[in-house]
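This briefing concerns the sequence and the 3D model shown below. The points are grouped by topic for quick reference.

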Amino acid sequence: MKSDVIGKSPTLFLASLLGLLLMAAALISVPVNAEDGYDLWLRYPPLEADTRERYRPQLRQLVIPERERSQTLQAIERELVRGVGGLLASAPELRERIEGDGFVLVATPQTSRAIRGAGLPLRDLGDEGYLIRSATLDGHKGTVVAANTERGLLYGSFHLLRLLQTNTPLADVDIASQPRIGLRLLNHWDNLDRTVERGYAGQSIWDWWNLPDLLDPRYTDYARANATLGINGTVLNNVNASADSLTPRYLAKAAALADVFRPYGIRVYLSARFSAPVEIGGLDTADPKNPKVQRWWKDKADEIYRVIPDFGGFLVKANSEGQPGPQDYGRSHAEGANLLARSLAPHGGVVMWRAFVYQQDNPEDRAKQAYSDFVPLDGQFDDNVIVQVKNGPIDFQPREPFHPMFGAMPSTPLMMEFQITKEYLGFASHLAYLGPMYEEVLRADTFVKGAGSTVAKVIDGNLHNHRLTGIAGVANIGSARDWTGSIFNQANWYVFGRMAWNPELGAEAIAREWLQITFGRDPRILETGLAMMMASRQAVVDYMTPLGLAHLMATGHHYGPGPWVSDLARPEWNPAYYHRADRNGIGFDRTSEGSDAVSQYAPAVAKQFASRSAVGDDLLLWFHHLPWDYPMPSGRDLWEELAHRYDRGVQAVGKMRTQWRSLEPLIDAGRFDKTARLLAVQEREAQWWRDASIAYFQSVSRRPLPEGVSPPPETLEYYKAVEYPWAPGH
Ligand code: BDP
């Protein structure tokens, strides 16, 4: 045939060859604007035609007075032009003043006479809040985004874009919003060599080596993404800090980032190493009572504010996991924190002093140690110190009860530390939406001032009347093209930011919002995506640490299962320390018969946690050591229930895979395929967790596998021998 064609007509042959080549190219090439996740929630693809038509008359002109004199107003203009222009597939006209119906006026009372005259209720909105309202001004109908400050306008403008992205009608819009929490921060655990502790999305986005000369455009996109959420600060470096971050060379680099972030309302903070006066200051002590040390920190703070005039302050990990701290000199955490606080106070900076402490030579239950160390210091911290407490008393486990320090230090502002990066929840590869976990903690009731004393009210300052308030999330961001190592991990950054603004927003509502912005408005994606996301965290709990178990991960990197590990130097590094399983039973007795950790909670909570029947399945083995045949509410005994939970977890991941597959026709190939592949990894590894855990716990309980529970395909020795060298983030 072929030779025939060649023989008969060379032109025809060339034409068909070209055709074949084009077809092949179409099959293998990636479309130019393939989705790779880089755009996060700053996506502005055109809305459906009818929606565009509905919005267009309302978004004809963009009026931002005096924008030429302010970088923030210019950032607002750029984003609105890009956003409205993209979503409506036509750019709005830019105007100095209202010139007809369909305006969007973005202004403060200072920049606009119309806003001054409109009598809007701006007074109570503070310096970050805003209004979005339909209004008739100068005889024309339109929408105003109004605030007391440009930062308020920034947040309001991003909110307006969110309304469009989620198809919310603008007619008669009437929104007033202001953040409930003052410091809304990301904590980067990024090192100066660009490795990221517990980072699973590539290297640090901070190119320390080339800063301040090279400014990666990613820094601006980072600021835009955060400003959308209302995040207003970022700690650039790891809490396990190098003192070098405080040297002039590195301060210049931090200052360059601060310049990029400033228009977006984001302040820069640094983790400070307590022994810096020795390491880079040439002193022979870092003792807080030593006048030379005090002088050194004062001078250092002055130096920092000369290059970063709006520097936020220090985050400090002291006397924790080998880090230096005031206790090295017989001083308390309060004395250490106040030393740094006094150097920052003249400039308005704060110290965020971490409460993540536990000592290897302290035989006390690790879950109790932070409370024991800090609660007696209540009232001793300076006004510009806030104590940063992890959500639970151990360490970012898939599920923990809320930290007993919340509510227990009425005279000290406490801020929340959540982990967004999933150190203990399958790194970047497993799909686990953390919204339900954050919600569970924020809504937990401490009962310290009776019912309704939620953790949210502790950290928003309401419960004990604090003005200094904060929340931090350990970032999951890296140099990966999609920023977070998977598309769904972006939702964790998103939900953290949204809840930081308003801790009472629900996880489900935020997931809906994120899904619409990320994948479009098809109801099938929304319904299925929501079901996947909302079930995902519990699935991880079930296949890793069911029924209140914790810290069963393998040594060091915390990835795979290691419930058998019991030979590490520090007792509380061993999974066996946490599960306490033996022939007779399993679980950590934290009632008054055991470590009495329950007594650190308010009486009503202590009573609930101490009761086997009232504590609930989710935290059962966190607080109780129970016999294997303990009868569970399900009708199974404890051993059977444990095996059932492991199976349930694996099944849930199988279901997520099927659900995702059903969305294939609706989602672009790039994002569909990456997610599908990661879900396959997750299912394989959920199975591994389940098999290894059941093999181990059965070797201890020596009970037969419950009916319907399949035996692990390998021996326990096999699972113990599995190694994972070179796991990331370690
Ligand atoms: C643990 C991490 C460790 C951190 C520590 C912390 O494994 O890498 O340094 O928390 O929060 O979860 O300081």
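Pro212 is placed in the loop between β7 (183–187) and α7 (217–229). The model is predicted, and in it the peptide bond from Leu211 to Pro212 is cis, with omega near 0 degrees. The points below treat the backbone, the ligand site and the annotated domains in turn.

**Backbone features in loops**

- The bond that leads from Leu211 into Pro212 has the cis form, and Pro212 belongs to the loop that runs between β7 (183–187) and α7 (217–229).
- Asn465 has a positive phi, near 55 degrees, although this residue is not a glycine.
- The position of Asn465 is in the loop between α14 (455–459) and β14 (470–474).

**Surroundings of the ligand**

- The ligand is surrounded by 14 residues, and the closest are Glu197, Lys317, Arg354, Asp395 and Glu423.
- By residue class, the shell around the ligand comprises eight charged, four nonpolar and two polar residues.
- The ligand takes up the space of the second largest pocket.

**Polar contacts and cover of the ligand**

- Lys317, which is listed among the closest residues, places a polar side-chain atom 2.6 Å from an oxygen atom of the ligand.
- In the side chain of Lys390, an N or O atom is 2.7 Å from an oxygen atom of the ligand.
- Arg198 has a polar side-chain atom at 2.9 Å from an oxygen atom of the ligand.
- On its own the ligand has 320 Å² of accessible area, and the protein covers 96% of this area.

**Annotated domains**

- An unreviewed UniProt entry carries the annotation "domain: Alpha glucuronidase N-terminal" for residues 40–160. Over residues 40–160 the chain is 34% helix and 21% strand, with the end C-alpha atoms 17 Å apart.
- The annotation "domain: Glycosyl hydrolase family 67 catalytic", also from UniProt (unreviewed entry), covers residues 164–483. The span 164–483 is 27% helix and 13% strand, and its end C-alpha atoms lie 24 Å apart.
- For residues 484–708, UniProt (unreviewed entry) gives the feature "domain: Glycosyl hydrolase family 67 C-terminal". Residues 484–708 are 55% helix and 2% strand, and their end C-alpha atoms are 38 Å apart.

Definitions and conventions:
Residues numbered from 1 in each chain as written. Predicted model: local features only at pLDDT ≥ 70, side-chain atom pairs only at ≥ 80, totals over all residues. Heavy atoms only, no water. UniProt positions renumbered as here; feature names shortened; annotations may be inferred. Helix = DSSP H or I, 4+ residues; strand = E, 2+ residues; numbered from the N terminus. Near = heavy atom within 4 Å. Polar contact = N/O pair within 3.5 Å; in protein donor to acceptor, adjacent residues only side chain to side chain. Areas by Shrake-Rupley, 256 points an atom, 1.4 Å probe, with all protein chains shown as cover. 1 Å grid on protein atoms, 1.4 Å probe; cavity = no way out; pocket = protein on both sides within 12 Å on 5 of 7 lines; lining within 4 Å. Sits in = over half its atoms within 2 Å of the grid points. Nonpolar A, V, L, I, M, F, W, Y, C, P; charged D, E, K, R; others polar.
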